[in-house]
Amino acid sequence: MLMATLIATVTFAAAFTIPGGFQAEDPHKGMVVLGRNVAFRTFIITDTIATTSSMMAAVVLLIMPFRANKEIRESSLGASVILLWLALVTMGIAFVTGLYAVLSELLPLAIVVCCIGCIFSSKVYSYFEAIKGFFISILERKKLGRSTEQFLKTALS
């Protein structure tokens, strides 16, 4: 729940502190400076996906304890893990594309920043199987039942 809330907060703030800023002159006053930049558009789309998926995960985790049916609770936990993973992936992409959009005039620096961001992100995302195993082991220790393990193995594969 904490992670979902933090991701939603950071990505929401990033959407309103637009990379590149806003136009100050009258004909287009208040409009986004980098609006026609493909990297900027990618930033906006991935930031929006990260914000909405983390908010959905937070809502699912918030209402999950109040579900009477055990299977619904278990599937809700699996859904929230998938939504959080989606939020993390898209937040990383939004970060890299936002930096690229701002630094595109300094192409060598923009490329270096993107490479660093992509290498680090791909290393983190490569641990997905380990994270999946960690959640499954937690569920097994809490003895939530065999159906949770099966759901998570199929949902996260």
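1. Basis. Residues are numbered from 1 along each chain as its sequence is written, and side-chain values use heavy atoms, with hydrogens and water left out. Because the model is predicted, local features need pLDDT of at least 70 and side-chain atom pairs count only at pLDDT 80 or more, whereas totals for chains, interfaces and linings use all residues.

2. Confidence. The protein chain has a mean pLDDT (the predictor's confidence in each residue, from 0 to 100) of 79, and 80% of its residues reach 70 or more. Helix H2 has the highest confidence, at a mean of 91, and helix H6 (residues 146-155) the lowest, at 56. Helices here are DSSP runs of H or I, at least four residues, and strands are runs of E, at least two, numbered from the N terminus. Where pLDDT is low, the predicted coordinates should not be read in detail.

3. Annotated segments. The unreviewed UniProt entry assigns "transmembrane region" to residues 40-64, 76-100 and 106-128; such annotations may be inferred rather than shown by experiment. In the model, residues 40-64 are 96% helix and 0% strand, with end C-alpha atoms 36 Å apart. Residues 76-100 are 100% helix and 0% strand, and their end C-alpha atoms are also 36 Å apart.

4. Helix pair. H1 (residues 2-16) packs with H2 (residues 38-63) at about 150°, their axes (lines fitted to C-alpha atoms over the stretch in contact) being 8 Å apart. The two are therefore roughly antiparallel, a term for angles over 145 degrees on a scale from 0 to 180 between N-to-C directions.

5. Contact residues. Contact means heavy atoms within 4.5 Å. Among the H1 residues that meet H2 are Ile 7, Thr 11 and Phe 12, and the H2 side includes Phe 43, Asp 47 and Met 55.

How values were computed
Parallel < 35°, antiparallel > 145°, perpendicular 65-115°, else oblique.
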